[in-house]
Amino acid sequence: MASDTKKIKKGRVLQASNKAPQILKDYWEKLHKAKSEGKKIAWVSGNAPAELLWAFDVLPAYPENYAAVLAAAKLSGELCNIAEKEGFSRDLCSYARTNLGIVFGEKSSLKDLPFGGLPEPDILVTTRIPCLTQVKWWEVIRDRYQIPMFSLDAPFSTTVETSQSGLEYVYEQILDLIHFLEDFTGRKLEEEVFSETMRLSDKGSGLWNEIMDLRANIPCPVGSREMCGNVFPLVSCLGTQVPVDFYTDLRDELRDRVDKGLGAIENEQVRLMLDNIPYWHHLSLLSDVEKHGAVFVFETYLRYVWGGRINLQDPYRSYAEKVFTEVWLNSGLDLRKSMLRENVKKYAIDGVVFLSNRSCKRFSLWQLELKAFLEKELDIPSILIEGDMADPGGYSQEQATTRMEAFLEMIKKKKEKTKELRGIAKI
Amino acid sequence: MVAITQEIEEKKRSLIQYYENPQVTAEAWKAKGGKVVGYLCSYVPEEILLAAGILPVRILGHLDDISVASSYFQPFVCRLIRSTLEKGLTKNLAYLNGLIISYTCDGMRMLYDTWVANVNTEFNYLLDLPSSLDRMPNLRYFQRIIKDFIASVEAYTGRAIKEEDLRSAISIYNRYRRLAKEFYYLHFSQDLPLSSADFLKINLAAFVAPKDKFTDELEAYLGLFKAWRNSGAASQRPKMTPVHISGSVVVDPVFFELVEKVGGYVISDDLCTGTRYFWDEVEEEGDPIQALAHRYLSRVTCPSKYPAENRSSFLLDRIRESGARGVIILGEKFCDPHLFEIPSVRKRIEALGVSSLCLETELVATGREQLVTRLEAFVDILKRKEGIK
């Protein structure tokens, strides 16, 4: 056991997580190689139906994910400046500005970017499902490269049951996207390939959900920071074998930890929930709490942004349904409340940390209302930490840490008091 | 001469009154048994509301402090959204029976749920518009949305909208649109006894007044102008430098006064509260629902739509047509759709050989003193380019 632990990178608890950086590296290498061999590259937004691209052997590249990588490497600030010089307001999404810094930047200034930079796109597939920003940002890219673009549109989900009008709309567009890709590639979608892609996507998502469920155990077997590093295969490779293999290992290891009662930290006192995209430039915000006996056990970002199951008996319609439902960013206020209620209970949450991320209106604008809801209806305390996912400007880690520590103290006291009251009640 | 000038002035006052007291008009409408419903966006097919006996009143946002709404929305969403919420929460829009919000941008969509949860209006409606307009499924969905809207309005009023009422509403709106356009062209010549600020106020008045009555008044007003011109009474004031204003919702007359103060003349625009609102008519032949769907789909687009070519070519056409020497782009803070388009729109404008100035606004241009300096410098450059100075 001791020798096993040695193999695990500092700050991680799972051996399987060690493979994540390699998967990321392999993925970008694969894309560059494909590009040089004349294969087509699509620039794709989060929540866009990328499985279909894999089925057409068009390789999806994720500018957003790449922006997150750059932000974590503290390289996004300079690119945001390039975009600003090009005329893009500082108030626009920092993922978009980071990417537009690449799109409009001088080639020479981009040569040192990680993974050899972003391979240029041949086609664009975007969607309004996470936000309208995706569509308008992609339109700028389209103007720059003069290449075909498809934008998948959808209404918000407002109830647990899928709206039939919304489903019909997305379904029609999925069929339309297939035609669009057939026109682009010059070949028909092969049903068998599509079925296999759907099967792999469903399997990958199913495993991911199992992993998320395993984290509901007390103690929680793995924390947030490590899981943020493990989401990439889900984001970019759904519909391929990669996430299936990776998440099978991850799940098995987590099961084992749960069986043995091993937690992400030794003495778990406080269980936290995180809302919004992490501040990639200061990920330690997620792990520093562990020094104080607290661990993030659930994230709206990890559970309700990607994934989703597909009914393989009715793959087209079911695929359409998965694309726009169970997505936090595309959910109405009441639906978000009920998702919060459900998970606060399921994960035995003691407190919620809302990252008030000025780059993301879809994530952030209802947080104040959700905060009040948690306090009033569920007696769950929460805090709001202001910042931005990829633009570190204006964010103070020191201030955030101080506030986090005070928040954890408050939760501990509250729990202590509840315990005392329970004790009194027993007497 | 004096008499006609005075008459023009009186008519103007009367038109501007709608803008200054929207609540008075709304209360009068309600007193006669009608309903009054607010809306926020020029994609709302007002014809349907009018046909149902509802007075549509556009909520234009306001410049007062925002306090209560700050407990609901963070400051990084536009002032139109925050100030509308503020007005709703502080019961300043209590005269409305309802509010229609269309899904244009993310902030508006999110405002809808917040409004429904916190403001007591009896008829709230989300017009769930598509964001893309380039593919067949988008068009079919849009038609379904229009039909659903009609059904909901009917359910609210408790009576069916008759086809003849819809036709009549369409024709009232078309008549308004034709006159608004005529007015727009009339003021190109710079000889009307009318300031740019008042021109704006009259355009804004149209959003809150009953359209048929307003259109009658506007027609009479324009008639007076024509008579005045025919009498040979051309304005003696020297020609100013014509500028085009580009943006979305612009409701600050003071800004227009400032432009005039530094020697500029707001000649043309592509504003959501200007030309983009009245430019396109509805086909009066054939099925009225189809015609409405067609009009709102093919109209000059809002930057929240994809693709944007239709708006940028419209904007360039208006600049060419008006002969504007410069373009002032009002970049509304936190308006993502606009802000994404500004760099490419600017390049297209500059390619025409027309200079542009981009200002950051929050319904009102921020930093007034600095603003005057910047406007002055800009108009100065335009004049120098023209060799007038």
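1. Start with Glu326(A), which sits in the loop between helix H15 (315-324) and H16 of chain A. This residue isn't a glycine, yet its phi is positive, about 55°. Helices here are DSSP runs of H or I with at least four residues, strands are E runs of at least two, and both are numbered from the N terminus. A word on ground rules: this is a predicted model, where local features need pLDDT of at least 70, side-chain atom pairs count only at pLDDT 80 or more, and totals for chains, interfaces and linings use all residues. Residues are numbered from 1 along each chain as its sequence is written, while chains are lettered from A and ligands numbered from 1 in the order in which they are written.

2. Helix H16 (residues 333-346) of chain A packs on helix H18 (residues 367-378) of chain A at about 50°, with the axes 11 Å apart. Axes are lines fitted to C-alpha atoms (for helices, over the stretch in contact), and angles run from 0 to 180 degrees between N-to-C directions. The pair H16(A) and H18(A) is therefore oblique; the scheme is under 35 degrees for roughly parallel, over 145 for roughly antiparallel, 65 to 115 for roughly perpendicular, and oblique for the rest. On the H16(A) side, the contact includes Leu333(A), Leu340(A) and Val344(A), and on the H18(A) side Leu370(A), Phe373(A) and Leu378(A). "Contact" is two residues with C-beta atoms, placed from the backbone, within 7 Å. For the classes, Ala, Val, Leu, Ile, Met, Phe, Trp, Tyr, Cys and Pro count as nonpolar, Asp, Glu, Lys and Arg as charged, and the others, Gly among them, as polar.

3. Next, helix H9 (residues 191-214) of chain A, whose axis comes within 9 Å of that of helix H12 (residues 241-260) of chain A, crossing at roughly 25°. That angle is why H9(A) counts as roughly parallel to H12(A). The crossing is left-handed. Among the residues that meet are Leu207(A), Trp208(A) and Ile211(A) from H9(A), and Tyr247(A), Leu250(A) and Leu254(A) from H12(A). This contact of H9(A) with H12(A) divides into 11 nonpolar, 3 polar and 4 charged residues. Look also at the loop between H9 and helix H10 (224-228) of chain A, where you'll find Pro219(A); the bond joining Ile218(A) to Pro219(A) is a cis peptide, with omega about -5°.

4. Chain A also has an open sheet of 4 strands, ordered E6-E5-E7-E8, with parallel pairing. Strands pair if DSSP finds at least two bridges between them. Strand E6 (294-299) and strand E8 (382-387) of chain A are the edges, each pairing on one side only. Ignoring direction, neighbouring strands are turned by 30° against each other on average. Strand E5 (residues 270-275) of chain A is joined to strand E7 (residues 351-357) of chain A by 4 bridges, and Leu272(A) stands opposite Gly351(A) in E7(A). Helix H19 (residues 397-426) of chain A lies across E5, E6, E7 and E8 of chain A, at about 175° to E8(A).

5. Over in chain B, which way do H8(B) and H10(B) run relative to each other, roughly parallel or roughly antiparallel? Helix H8 (residues 196-205) and helix H10 (residues 253-261) of chain B have axes that come within 7 Å and cross at roughly 155°, so H8(B) and H10(B) are roughly antiparallel. H8(B) passes H10(B) in a right-handed crossing. Chain B has its own cis peptide bond, from Tyr306(B) to Pro307(B), with omega near -5°. Pro307(B) is in the loop between helix H12 (288-298) and helix H13 (309-322) of chain B.

6. Last, the contact between the chains, which takes 41 residues from chain B and 36 residues from chain A. On the chain B side, H14(B) gives the largest share, 8 residues. That side divides into 21 nonpolar, 10 polar and 10 charged.

Note on methods
Left-handed = near helix turned anticlockwise from the far one by under 90°.
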